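Please read it alongside the sequence and the structure shown here.

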Amino acid sequence: MTAALRFDPIRLPEKCEQLRKEVRAFLAEEIAAGTFDPHKPNREDTDVPEFSRKVGARGWLGMTWPKKYGGQERSFLERYVVTEEMRVANAPTRRFFVADRQSGPVLLKYAPEHIKMDILPRICRGEICFAIGMSEPNSGSDLFAAKTRATKTDGGYLINGTKIWTSSAHIADYMIAIFRTSPPTKENRRHGLTQFLVKMKQPGIKVNPIGQITGQYEFNEVVFTDFFVPDDHVLGEVDGAWKQATSELAYERSGPERFLETYYVLTELVRAVGPDPDTRSAEGIGRLVAQLHTMRRMSVSVAGMLQAGKEPVVEASIVKDIGTVWEQQLPHRVRDLAAFVEETATNRETLERQLDFAIKTAPKLTIQGGTTEVLRGIIARGLGLR
């Protein structure tokens, strides 16, 4: 093997547990106020701007960033706790989550200073939403097959082409996208891609929503027609975005959101079986909780490595591979166990409604953020197996 695979044994410090209590109290207040219902993952109000601003006011966005940009200079482990509690509560995080998780760190690393000073504080205040423009039609999960062109012109670039499966593009204020600025070379097919900051809701951009079987509209097709991007919106090295994107995905692929997206059906099952479950239910739930605990330890480890300044690309890919397969299968496992739940269980109707939604949404989980096949290719290369 060419790379040592390592998950550092990380324990959350006491300050993280104190923060967890604060986040839980805040979420309980918002639930009581009717901001969102944690038992309704299929709600349509997944974009709640006022909630985003409240989270920002608490100092829970851009937590690890420098204070000069609106951040708090707190640890990745503290941010992990906030993310975990938000996800477990089914909080409406759509407006700020991508910006906080990965777009902000990209801007911190590659954007000009005046853009950092303008955009990063607004992310920290929960005021703006980001989308990620990577996938394209007819290219599957092959990022390096991108064909959307960025052609040099006076003062910037003209963008022509299409991105697809772009989450939240219909509400986004900005997109960080990868466009082709040069052809690939025979020696390196990854060459020729450049990362750009795109200001949405401008002439030359058309966003077409893509409906899902759940009835929600989360994904979009984004069409660029002679869309102008100024030179100072180029992020990092021209023609060298593949290296930046690889590092970025360590942020996207390793968090608790990669195994908690259907978690609500497990907690609802526990409520349904009650304090005295039969042997089959106890064994099944115990097995699922043990698996969840293992994934959580791995995910916390990656957060600790990010805190230490490492780039755990392979470890993050493993977390996403294992996590998304697990959360995709979870509704089916819960459905099997739920067959033995008494019809008189007080939350039986809620459990069935949640299972209906979770089973419909599950297919996307092993696609978004990198398919299982692509992830396993990354893991294999990282371990020197291909």
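How are helix 9 and helix 10 oriented to each other, roughly parallel or roughly antiparallel? In this predicted model, helix 9 (residues 313–338) and helix 10 pack at an angle of about 150°, with their axes 10 Å apart. Angles over 145 degrees count as roughly antiparallel, and helix 9 and helix 10 are therefore roughly antiparallel to each other.

**Helix 9 against helix 10**

- The crossing of helix 9 and helix 10 is left-handed.
- On the helix 9 side, the contact is made by Pro 331, His 332, Val 334, Arg 335 and Ala 338, while helix 10 contributes Arg 348, Leu 351, Leu 355, Ala 358 and Ile 359.
- Sorted by class, this contact of helix 9 with helix 10 comprises seven nonpolar, one polar and two charged residues.

**Helix 7 against helix 10**

- Helix 10 (residues 348–361) also packs with helix 7 (residues 264–273), the two axes coming within 10 Å and crossing at roughly 155°.
- That angle makes helix 7 roughly antiparallel to helix 10, and the crossing of helix 7 and helix 10 is left-handed.
- By class, the contact of helix 7 with helix 10 has eight nonpolar, three polar and one charged residues.

**Helix 11 and the residue after it**

- Within helix 11 (residues 372–382), the buried residues are Thr 372, Leu 375, Gly 377, Ile 378, Ile 379, Ala 380 and Gly 382.
- Helix 11 is followed by Gly 384, which has a positive phi, near 75°.

**Thr 185 in its loop**

- Thr 185 lies in the loop that runs between strand 4 (174–180) and strand 5 (193–199), and Thr 185 is partly exposed, with a relative accessible area of 32%.
- The side chain of Thr 185 reaches the backbone nitrogen of Asn 188 at 2.9 Å.
- Between Thr 185 and Phe 76 there is a separation of 109 residues in sequence and of 38 Å in space, taken from C-alpha to C-alpha.

Technical notes. Residues are numbered from 1 along each chain as its sequence is written. This is a predicted model: local features need pLDDT of at least 70, side-chain atom pairs count only at pLDDT 80 or more; totals for chains, interfaces and linings use all residues. Side-chain values use heavy atoms; hydrogens and water are left out. Buried means under 20% relative accessible area, exposed over 50%, partly exposed in between (1.4 Å probe, protein chains only). Helices (H or I, at least four residues) and strands (E, at least two) are DSSP runs, numbered from the N terminus. Axes are lines fitted to C-alpha atoms, for helices over the stretch in contact, and angles run from 0 to 180 degrees between N-to-C directions. Angles under 35 degrees count as roughly parallel, over 145 as roughly antiparallel, 65 to 115 as roughly perpendicular and the rest as oblique. A crossing is left-handed if the near helix is turned anticlockwise from the far one by less than a right angle, and right-handed if clockwise. Ala, Val, Leu, Ile, Met, Phe, Trp, Tyr, Cys and Pro count as nonpolar, Asp, Glu, Lys and Arg as charged, and the others, Gly among them, as polar. A polar contact is a pair of N or O atoms within 3.5 Å; within protein, one must be able to donate a hydrogen and the other to accept it, and residues adjacent in sequence count only if both atoms are side-chain atoms. Contact means heavy atoms within 4.5 Å.
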